[in-house]
Amino acid sequence: MQASDTTNLGPDPDGGELIDASRKNEERYFIMALARGLEVLSCFRSADKGLTNQQIAERCGLPKSTVTRRLAALEAQLGERLLLRTTRKLNLTDFGHAVL
């Protein structure tokens with residue numbers, strides 16, 4: 001391996017061997033995306049209790065606008081409505097119950 005081949009390498013936190021920095025970034029991105037997905041699912045599960053957006057946001061420790069956006073994005077990814085929204089609370093659709 002030439003000196004230029006090792007410029008993007010760093011120690012592996014698990015084994016001490018050298019790993020490519022881009023691989024480390026991919027792993028970080030994956031972990032962050034997984035954590036965000038779990039966070040959204042946790043918020044979605046709170047909707048099963050017939051809570052308001054504000055109550056769900058408080059349970060999840062997120063701003064109400066973030067919860068609203070992330071739940072809408074989850075519905076868009078699945079291509080199906082998960083929630084029935086009223087001015088007072090959220091309720092799960094039949095599909096939302098099936099997902100849980």
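## Surface patch, core and salt bridge in a predicted model

F30, I31, L34, L38 and L41 make a nonpolar surface patch of about 510 Å². Patches of this kind consist of residues with over 30% relative accessible area and no salt bridge, with nonpolar side chains (Val, Leu, Ile, Met, Phe, Trp, Tyr) joined within 5 Å. Areas come from the Shrake-Rupley method with a 1.4 Å probe, and for residues only the protein chains shown count as cover.

The model is predicted: local features need pLDDT of at least 70 and side-chain atom pairs count only at pLDDT 80 or more, while totals for chains, interfaces and linings use all residues. Residues are numbered from 1 along each chain as its sequence is written, and side-chain values use heavy atoms, with hydrogens and water left out.

The protein chain has 4 helices and 4 strands, in the order β-β-α-α-α-β-β-α from the N terminus. Helices (H or I, at least four residues) and strands (E, at least two) are DSSP runs, numbered from the N terminus. Of the 100 residues in the chain, 26% are buried. The chain exposes about 7,200 Å², of which carbon and sulfur atoms supply 52%. Among contacts (heavy atoms within 4.5 Å) with a separation of 6 or more, 35% are between residues 24 or more positions apart.

The largest nonpolar core holds 16 residues, and F44, I56, V67 and L83 touch the most other members. At least two residues of this core come from each of α1 (21-47), α2 (53-60), α3 (64-78) and β4 (90-92); the largest share, 4 residues, is that of α1. Such a core is a set of buried Ala, Val, Leu, Ile, Met, Phe, Trp, Tyr and Cys residues joined through side-chain atoms within 4.5 Å.

Leaving out residues up to four places away in sequence, F44 touches L71, L74, L82, L83, L92, G96, V99 and L100. With the same exclusion of residues up to four places away, L74 touches V40, L41, F44 and L82. L74 lies in helix α3 and counts as buried at 13% relative accessibility. L74 and L41 are 33 residues apart in sequence, and their C-alpha atoms are 8.8 Å apart in space.

In α2, the buried residues include N53, I56, A57 and C60. They lie on the same side of α2, because they cover an arc of only 100° around the axis; the arc is that of the directions from the helix axis to the C-beta atoms. E58 and R59, on the other side of α2, are exposed. G61 follows α2 and has a positive phi, near 70°.

A search of the whole structure finds 1 salt bridge, defined as a side-chain nitrogen of Lys or Arg within 4 Å of a carboxyl oxygen of Asp or Glu. E75 and R85 form a salt bridge, with the closest N and O atoms 2.9 Å apart. The pair links distant parts of the chain, E75 in helix α3 and R85 in strand β3 (residues 83-85), 10 residues apart.

Relative accessibilities of selected residues follow.

| Residue | Relative accessible area | Class |
|---|---|---|
| L74 | 13% | buried |
| E75 | 11% | buried |
| R85 | 36% | partly exposed |

Technical notes:
Buried means under 20% relative accessible area, exposed over 50%, partly exposed in between (1.4 Å probe, protein chains only). Patches are made of residues with over 30% relative accessible area and no salt bridge: like charges are joined within 9 Å, nonpolar side chains (Val, Leu, Ile, Met, Phe, Trp, Tyr) within 5 Å.
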